[in-house]
Amino acid sequence: MAGGEPVVVGRRAAVLGHPIAHSLSPRLHRAAYAALGLDGWRYDAVDVTEEALPAFVAALTGEWAGLSLTMPLKQIVLPLLDHVEPLAGVVGAVNTVLVQGGGARPVLTGTNTDVYGIVVALAEAMGPQALSGTQPGRTGAVLGAGATAASTLAALAQLGCTSPVVYVRSMARIGPLARAAHRMGVEPAYRALDLAADQIGVADLVVSTLPPHAADDLAAVIGSRPAGAVAGVLLDVAYDPRTTALSVAWARVGGRVVPGERMLLHQAAEQVRLMTGRPAPVAAMDEALGAALGASVAPVDAG
């Protein structure tokens, strides 16, 4: 990945989306700036629609360090950039824009830290051996077929799972994900979401990329199973409600759960590193996230 600019006073960064007022990104990045002593840096949440994104990007100047993007801006931004790093290009989604070089027309580089966030979040529950080289043979399941699902396929591949099963609500919507999987050399199988309850219990790694409450019916079925029905690790990227129905059900029947905010934390930490050029103060960011959510954000281990 590309590095950040040398640290200077007065840089700006922001998370863009519509709506965006609910975003926790400002809490995370501001905590990082405070811990790093970057008193002149600021990070805001800016409401930007799809239609307004080109003009916003075109107006960026050298005072900017970078942008964080929510969907659907992660895909729409691609043709607006000077460079797209290989991983982001393969995945087909940019969640981070680095603004590099001074002057009125800086160089804009798109990258993807969602993949990093998913890998590290899963590794927290899997143990230190998770990242000690490729471990082929892991099985995986992905719920959903959007941009986060594409990042999830890349993350699972890094963890040794190159043939996951993707469960989707509509087979008519898998085209972009299937093309992304082909680019990254991953060979998933695609099945209807209705089949997930009977099948995902055997997977080593399960990642739900579904919107909040979209997996509640699935959770009800899984939660009715006997103890020991599942044994793998679940990451539910949704964190509102903070304790999702799916994560509660998964833990109840024997699985290990990684809360969705862990992905949020680690992808933001990588953004901080790239934008500031300094190692992210993860502990300070973690503390700020816990305060924002009102409780500890440590992974739940119900295994």
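Start by selecting Ser23: at 13% relative accessibility, Ser23 counts as buried. Buried means under 20% relative accessible area, exposed over 50%, and partly exposed in between, with a 1.4 Å probe and protein chains only. This is a predicted model: local features need pLDDT of at least 70, side-chain atom pairs count only at pLDDT 80 or more, and totals for chains, interfaces and linings use all residues. Residues are numbered from 1 along each chain as its sequence is written, and side-chain values use heavy atoms, with hydrogens and water left out.

**Stop 1: around Ser23.** Ser23 sits in the loop between β1 (12-17) and α1. Helices (H or I, at least four residues) and strands (E, at least two) are DSSP runs, numbered from the N terminus. Ser23 and Arg105 are 82 residues apart along the chain, and their C-alpha atoms are separated by 28 Å.

**Stop 2: α1 and α12.** Select residues 25-36 for α1 and residues 282-293 for α12. Two packed helices are described by the angle between their axes and the distance between the axes. Here the angle is about 140 degrees, with the axes 8 Å apart. Axes are lines fitted to C-alpha atoms, for helices over the stretch in contact, and angles run from 0 to 180 degrees between N-to-C directions. α1 and α12 are therefore oblique to each other. The cut-offs: under 35 degrees is roughly parallel, over 145 roughly antiparallel, 65 to 115 roughly perpendicular, and the rest oblique. The crossing of α1 and α12 is right-handed. A crossing is right-handed if the near helix is turned clockwise from the far one by less than a right angle, and left-handed if anticlockwise.

Show side chains next. Arg27, Leu28, Ala31, Ala32 and Ala35 of α1 meet Ala284, Met285, Ala288, Leu289, Ala291 and Ala292 of α12. Contact means heavy atoms within 4.5 Å. The contact of α1 with α12 has ten nonpolar residues, no polar and one charged. Ala, Val, Leu, Ile, Met, Phe, Trp, Tyr, Cys and Pro count as nonpolar, Asp, Glu, Lys and Arg as charged, and the others, Gly among them, as polar.

**Stop 3: Thr113.** Thr113 lies in the loop between β6 (107-111) and α5 (114-126). Thr113 is buried, with a relative accessible area of 0%. Leave aside neighbours within four places in sequence, and Thr113 is in contact with Asn95, Thr96, Gln267, Glu270, Gln271 and Leu274.

**Stop 4: α9 and α10.** Select residues 216-223 (α9) and 245-252 (α10). Their axes come within 8 Å and cross at roughly 15 degrees. α9 and α10 are therefore roughly parallel to each other. Their crossing is left-handed. Asp216, Leu218, Ala219, Ile222 and Gly223 of α9 make the contact with Ala245, Leu246, Ala249, Trp250 and Arg252 of α10. By class, that contact has seven nonpolar, one polar and two charged residues.

Pick out Leu218 in α9. Leu218 is buried, with a relative accessible area of 10%. Beyond neighbours within four places in sequence, Leu218 is in contact with Leu143, Ala196, Ala197, Ile200 and Leu246.

Finish on α10, where Leu246, Ser247, Ala249, Trp250 and Ala251 are buried. The buried residues of α10 pack against β7 (140-143), β10 (205-208), α9, β11 (233-236) and β12 (256-259).
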